[in-house]
Amino acid sequence: MKRIAFVLCLAMLFGMANPLTGSAPAVAPAKAITLPKPVMNGGIPLMEALSKRKSVREVSGKPVSEQDLSNLLWAAWGVNRPDGRRTVPTSRNKQEAELFVVLESGVWRYDAAGNALVQLSPVDARSRFGGAPLTLVYAAKAGDDAGGMHVGSMYQNVGLYCASVGLGNVVKSTGRAELDSVLRLPAGYKTYVVQSIGWPR
Ligand SMILES: Cc1cc2nc3c(=O)[nH]c(=O)nc-3n(C[C@H](O)[C@H](O)[C@H](O)COP(=O)(O)O)c2cc1C
């Protein structure tokens, strides 16, 4: 029952038709925040980051700073060249993936070109993913062999960034579909995996 109420609440907040009444909601302009410019130098040497990469499941409630958030989103899916190409390779440069961010302030879509977050919902959905201060939700085309590869490149980049600054992270396929019914995924997309991030306890 609680789950149905949660989904209905998110569905309405996300601007979808009320699944019970079919009525269309009023359309409010999406709230967006510009992230701090990602820091594209520094960090620990790559081989050291690889030696430290591991899953960390116990994290504290201490928030992840906006700078770390910007840096790790850029590592995952940022634009790293003037022609719009990304930090991860994609099949024929189709860039068919979406990255969503679950924070206390709501659920957001990462706009890589704008280095911004676009709010999809103000609802705090962190408890749906174990309560970490930050969870990334990775979506790509269903049935596309390359989809999982693209997502894997993304979460590995984030894992290495986390290792370099001491953040904990764990990739999870359990619970990955928690927001599927409410995220506005492009046609044919599905959620592949989530990644919870926070400071180790
Ligand atoms: C695609 C994928 C799905 C995973 N799903 C879960 C999960 O649902 N729950 C979980 O606790 N860990 C999950 N993990 C983390 C693995 O259990 C973990 O990577 C593995 O035990 C090796 O530990 P390490 O990452 O510290 O090397 C997942 C990892 C991957 C790559």
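1. Seven of the eight residues in strand β5 (residues 134-141) are buried, so the strand is largely enclosed by the rest of the structure. Buried means under 20% relative accessible area, with a 1.4 Å probe and protein chains only. Strands are DSSP runs of E, at least two residues, numbered from the N terminus.

2. This is a predicted model: local features need pLDDT of at least 70, side-chain atom pairs count only at pLDDT 80 or more, and totals for chains, interfaces and linings use all residues. Residues are numbered from 1 along each chain as its sequence is written, and side-chain values use heavy atoms, without hydrogens and water.

3. β5 pairs with strand β2 (residues 97-103) in the antiparallel sense, over six bridges. Pairing requires at least two DSSP bridges between the strands. β5 also pairs with strand β7 (residues 189-198), again antiparallel, over eight bridges. T135 of β5 stands opposite V102. In β7, the bridge partner of T135 is S196.

4. Around the ligand are R53, K54, S55, R57, Y155, V170, V171, K172, S173 and T174; the cut-off is a heavy atom within 4 Å. Three are nonpolar, three polar and four charged. Here Val and Tyr count as nonpolar, Lys and Arg as charged. Strand β6 (residues 168-172) gives the largest share of this shell, three residues.

5. A polar side-chain atom of R57 lies 2.8 Å from a ligand oxygen atom. A polar backbone atom of V171 is 2.8 Å from a ligand nitrogen atom. For S173, a backbone N or O atom lies 3.0 Å from a nitrogen atom of the ligand. Taken alone, the ligand exposes 620 Å², and the protein buries 53% of that (Shrake-Rupley method, 1.4 Å probe).

How values were computed. Buried means under 20% relative accessible area, exposed over 50%, partly exposed in between (1.4 Å probe, protein chains only). Helices (H or I, at least four residues) and strands (E, at least two) are DSSP runs, numbered from the N terminus. A polar contact is a pair of N or O atoms within 3.5 Å; within protein, one must be able to donate a hydrogen and the other to accept it, and residues adjacent in sequence count only if both atoms are side-chain atoms.
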